[in-house]
Amino acid sequence: MKIVVFGLAISSSWGNGHATLWRGLVKALTRRGHHIVFFERDVPYYALNRDVETIAGGALVLYPDWAAIEMRARREVAEADVAIVTSYCPDAAAAERLVLDAPGALRVFYDLDTPVTLANLAGDTRPAYVSARGFADYDLVLSYTGGRALDELRDRLGARRVAPLYGHVDPDVHRPVAPEPRFASALSYLGTYAVDRQATLDRLFIEPARRRPQERFAIGGAQYPAEFPWTDNIFFFRHLSPPDHPAFFGSGRITLNVTRAAMAAMGWCPSGRLFEAAACGTAILTDAWEGLDAFFAPGEELLVGTTTDDAMAALALSDAEIRRIAKAGRDRVLADHTSAHRARDFEAAIAVARASPTPIAREA
């Protein structure tokens with residue numbers, strides 16, 4: 001298949017969770033014989049932190065504005081088997097008009113931010129990537145989130161056919177490596193700063209660091225404010241690119257996963273960081289949310305915490321127990337949650353949508 005994507009980012013993982021996911025999925029799809037053309041607006045903050053320039057087996061089209069690539073986009077979509085618009089695509093409205101007019105392509109919207117989309121709608125704020133007709137004119141809506149979110153996409157946004165396409169990991173990129181002393185820690189955390197994660201980060205990371213002042217704690221990520229409650233034993237690494245992730249994860253005894261508030265409230269929305277850390281052979285401590293046990297076995301393949309005492313109990317586990325949990329988590333990821341698994345899920349969803357098209361009730 002030829003697949004054309006209008007997305008937020010694949011060239012830079014700075015400050016977004018889309019790029020790493022797309023890299024793994026595109027790699028897996030091209031290995032399965034598909035050709036991907038990915039359109040990404042060339043914005044300054046991604047250009048300054050770009051860590052991918054090309055797509056093997058496909059094409060990355062960086063553009064300054066829609067007018068500069070509209071004709072090429074039209075040609076690519078006219079030849080496509082599948083045309084995809086994603087959440088937070090900066091030119092979603094223009095891309096949607098082009099995709100919905102495609103003569104032969106299956107028209108797909110992929111919401112990689114479903115809980116945020118639905119939370120905004122609940123607050124009477126329509127995201128820029130959602131048109132007045134919602135998702136009613138797409139042949140298929142893929143959602144990063146499962147569970148009740150799928151029903152809400154149908155009921156609130158008119159999606160006619162929905163399927164989950166969860167997070168995943170490329171085990172060629174995220175894998176066990178030798179630890180690096182600079183990343184050594186009792187507990188690490190990798191993530192872009194977000195206000196809605198701070199309360200959980202305070203309970204599961206900051207307070208344990210205060211209680212264990214003789215041990216090292218490590219944070220990697222972008223956009224941390226000066227007023228962040230740093231302690232002397234928290235070491236900060238500003239924006240670690242994906243090649244640095246395995247060493248960062250693997251150099252700590254345990255790594256922490258904190259889910260965005262809207263994602264945790266909706267449930268069934270595993271962060272890509274969960275799969276990445278587990279693939280690196282690192283024991284994980286995560287916050288709790290509905291559906292977590294569909295992806296990992298709590299207490300066996302990862303640890304779950306809601307309070308500071310939970311985090312302290314995790315830190316007190318023996319090295320042998322931490323190694324056991326880390327191995328079980330990695331085994332689960334390799335069995336169920338790689339980019340290759342999601343590529344097959346994508347193909348299956350496309351095949352079902354093609355086999356039983358649903359008529360569009362267009363406005364007169």
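About 350 Å³ of space lies in the second largest pocket of this predicted model. A pocket here is an open set of points on a 1 Å grid over the protein atoms alone where a 1.4 Å probe fits, with protein on both sides within 12 Å along at least five of seven lines, and lining residues have an atom within 4 Å of a point. The volume is the space filled by probe spheres set on the points. Lining this pocket are 17 residues, and Arg23, Gly24, Lys27, Val52 and Asp170 lie nearest its centre.

A quick word on ground rules. Residues are numbered from 1 along each chain as its sequence is written, and side-chain values use heavy atoms, with hydrogens and water left out. Because the model is predicted, local features need pLDDT of at least 70 and side-chain atom pairs count only at pLDDT 80 or more, while totals for chains, interfaces and linings use all residues.

Now move to the largest pocket, which holds about 790 Å³ of space. It has 31 lining residues, and the closest to its centre are Asn16, Gly17, Asp113, Arg197 and Arg260. Helix H1 (18-31), helix H5, strand S8 (185-190) and helix H10 (272-279) each give two or more residues to that lining. Helices (H or I, at least four residues) and strands (E, at least two) are DSSP runs, numbered from the N terminus.

Let's stay with H5, residues 114-122. Its buried residues (under 20% relative accessible area, 1.4 Å probe, protein chains only) are Thr114, Pro115, Thr117, Leu118 and Leu121. They cover an arc of only 160° around the axis, so they sit on the same side of H5; the arc is that of the directions from the helix axis to the C-beta atoms. What covers them? Among the elements are strand S5 (106-111), strand S6 (140-143), helix H6 (148-157) and helix H9 (261-266). Just past H5, Asp124 takes a positive phi of about 60°.

Finally, look at the rings. Rings of Phe, Tyr and Trp (its six-membered ring) pair if their centres lie within 6.5 Å, and planes under 30 degrees apart count as stacked, over 60 as edge-to-face and the rest as tilted. That rule gives 29 aromatic pairs. Take Phe109 and Tyr129: their centres are 6.2 Å apart and their planes are at 20°, so this pair is stacked. Phe109 belongs to strand S5 and Tyr129 to the loop between H5 and S6, 20 residues apart, so the pair links distant parts of the chain. Both Phe109 and Tyr129 are buried. Elsewhere, ring pairs link Tyr166, Trp268, Phe275, Trp289, Phe295 and Phe296 into a cluster.

Methods: Buried means under 20% relative accessible area, exposed over 50%, partly exposed in between (1.4 Å probe, protein chains only). Contact means heavy atoms within 4.5 Å.
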